[in-house]
Amino acid sequence: MQSQMAKLPGLRLTTTNVPFNVRLNRSTTGDFNMVVSAWIADFPDAVSFSSLFTSHNAYNRGHWQNKDYDADVKNAEGKDANDPDARWHDLVSAEKTLMQQQGVVPLYQRNQAQMLKPYVHGVQYFPTGAQWDFSRAYISDHQ
């Protein structure tokens, strides 16, 4: 990551590797210029990520704040929660604000490759929690 970021014009990057508990402490106290962090959603919904960057969320360690962003996320979680179109609009609007102001800089998205024989069916994959469920899996006759 350091070698890729060094290609950005005018950026000089020095890294410090510290034990995880030190990184957490520095992140919490704001003792950083940049910190690389990761999040896995608690539940399969965009608001699990969006809520992180609201002004007073404990995980908003960069202390970025924007009233419009906060309002969009609040609306998605509250008054528009049962209106899928309005909720989607709220979340898209919040994301646009976050990206335009660079309240956070996404560097990568986790993924995991899966190989499954074509005759194996019924495996259920989950975006959060347990990765998969084989309880309904079966093998077809066409091997």
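View 1. Helices are DSSP runs (H or I, at least four residues), numbered from the N terminus. The model is predicted: local features need pLDDT of at least 70 and side-chain atom pairs count only at pLDDT 80 or more, whereas totals for chains, interfaces and linings use all residues. Residues are numbered from 1 along each chain as its sequence is written, and side-chain values use heavy atoms, with hydrogens and water left out.

**View 2. Helix α4 (residues 67-77) has buried residues Tyr-69, Asp-72, Val-73 and Ala-76.** These buried residues fall within an arc of 95° seen down the axis of α4, so they line one face of the helix; the arc is that of the directions from the helix axis to the C-beta atoms. Buried means under 20% relative accessible area, exposed over 50% and partly exposed in between (1.4 Å probe, protein chains only). The buried residues of α4 pack against α3 (47-50) and α5 (84-101), contact meaning heavy atoms within 4.5 Å. On the other side of α4, Lys-67 and Lys-74 are exposed.

**View 3. Arg-87 and Asp-45 meet in a salt bridge.** A salt bridge is a side-chain nitrogen of Lys or Arg within 4 Å of a carboxyl oxygen of Asp or Glu; here the N to O distance is 2.8 Å. Arg-87 lies in helix α5 and Asp-45 in the loop between α2 (20-29) and α3, so the pair ties together parts that are 42 residues apart in sequence. Arg-87 is buried, at 17% relative accessible area, and Asp-45 is partly exposed, at 25%.

Methods:
Helix = DSSP H or I, 4+ residues; strand = E, 2+ residues; numbered from the N terminus.
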